[in-house]
Amino acid sequence: MATSVLLRPCRRYVRVLDIFCRNTSSSATPSPKPLKKKILSYLNSRFYDMENIINWSILLKHWRLRKKNAPFTFTENLYGKYVASVYFVLCQRGSARFQGQEEWFRADKKGKFSWDFINHKDVPVEAVDLSGCLVNYDGLENIACLGELKYLNLSNCPNLDDFCLSRLHVFKDTLEELQLSGCPRVTERGLATLHHLENLKYLDVSDLPSVSNKPLIAILLEEILPGCNIVGMSCKTP
C-alpha cells in the first residue's frame with residue numbers, strides 16, 4: 001500500500017514531463033497539416049478564381065448572343081432590307097427564299113454560304129427558316145421588315161419566348177405558316193398573342209414543355225385562329 005502511494009507522484013511527474021516534451025517538439029518543428037486541411041486550404045485559395053471564371057463565361061455567352069442578334073443596319077443601308085434580312089438569317093445558319101423562286105439560300109454546317117442573294121436586293125422574301133438558331137427578341141427586328149413573309153420556321157429555338165411571339169404581329173397580313181415546335185420557353189401567354197395572325201393557315205405547336213393544360217390551350221387557339229390547321233395539341237384529354 002505504501003509503495004503504490006509513493007509511485008503516484010512519480011507517475012504524475014512522468015506525465016507532466018511527457019506533455020512538456022511533446023509541446024516543445026511541436027513548437028520547434030510543426031507537424032504537417034492533415035490532407036483534409038490541405039485540400040480545404042487549396043480550394044479556399046482557388047474559390048474566387050473559379051467564381052471569376054464562371055462569371056466571365058456567363059458574360060461572354062451573353063455578349064455573343066447580343067452580337068449574333070445585333071441589327072444589320074449597315075447592310076440594309078448598302079443593299080436594302082431584303083438582303084439585310086437574308087444576311088442575318090444566313091449568319092444565324094438559317095435559310096431563306098425569295099418570292100417567286102424555288103431555290104433556298106442556306107448556310108452549311110460550317111456557317112458558309114453563297115453571296116448570290118445580293119443579286120435579289122429588290123425581290124421580297126417570302127420564306128424564312130430559323131429553326132434551331134439562337135434568334136431572340138432583338139434579332140427578330142432584322143426580319144420584322146419583311147412585309148411579304150408567308151412562311152416562318154422558329155422551331156427548336158432555345159431563346160424564343162413569349163415576348164418574341166408578341167412581335168410576330170407585324171406579319172398579320174401575310175403569314176400563312178408558322179412552326180414553333182420544340183421551343184422550351186414558349187408558354188400559353190405567348191400563344192395567346194398569335195390572334196393577330198388572321199391569315200395563318202398552318203400552326204405547329206407540338207413539343208412545348210412550358211405549356212400547361214394543352215387541351216384547354218388547343219381550344220383557345222382554335223377560337224382565335226378559326227381558319228388555321230393547328231398541329232401538336234389535341235383537344236382530347238389523355
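Guide: Let us start with a term: a residue is called exposed when its relative accessible area is over 50%, and buried when that area is under 20%. Please keep in mind that this is a predicted model.

Visitor: Thanks! Which class does D173 fall into, buried or exposed?

Guide: D173 counts as exposed, because its relative accessibility is 53%. Its salt-bridge partner is K172, with the closest N and O atoms 3.3 Å apart. K172 itself is partly exposed, at 36% relative accessibility.

Visitor: How should I read a salt bridge, and how many salt bridges does a search of the whole structure find?

Guide: The general idea is that side chains of opposite charge can pair when their charged atoms come close. Here, a search of the whole structure finds four salt bridges.

Visitor: What does E141 form a salt bridge with?

Guide: E141 pairs with R167, and their closest N and O atoms are 2.2 Å apart. This pair links distant parts of the chain, 26 residues apart: E141 sits in the loop between β3 and β4, R167 in the loop between α5 and β5. At 42% relative accessible area E141 is partly exposed, whereas R167, at 18%, counts as buried.

Visitor: And where are D161 and R185 in the chain?

Guide: D161 lies in the loop between β4 and α5, and R185 in the loop between β5 and α6, 24 residues apart. Their side chains meet in a salt bridge of 3.9 Å, N to O. D161 is buried, with a relative accessible area of 16%, while R185 is partly exposed at 41%.

Terms used: Residues are numbered from 1 along each chain as its sequence is written. This is a predicted model: local features need pLDDT of at least 70, side-chain atom pairs count only at pLDDT 80 or more; totals for chains, interfaces and linings use all residues. Side-chain values use heavy atoms; hydrogens and water are left out. Helices (H or I, at least four residues) and strands (E, at least two) are DSSP runs, numbered from the N terminus. Buried means under 20% relative accessible area, exposed over 50%, partly exposed in between (1.4 Å probe, protein chains only).
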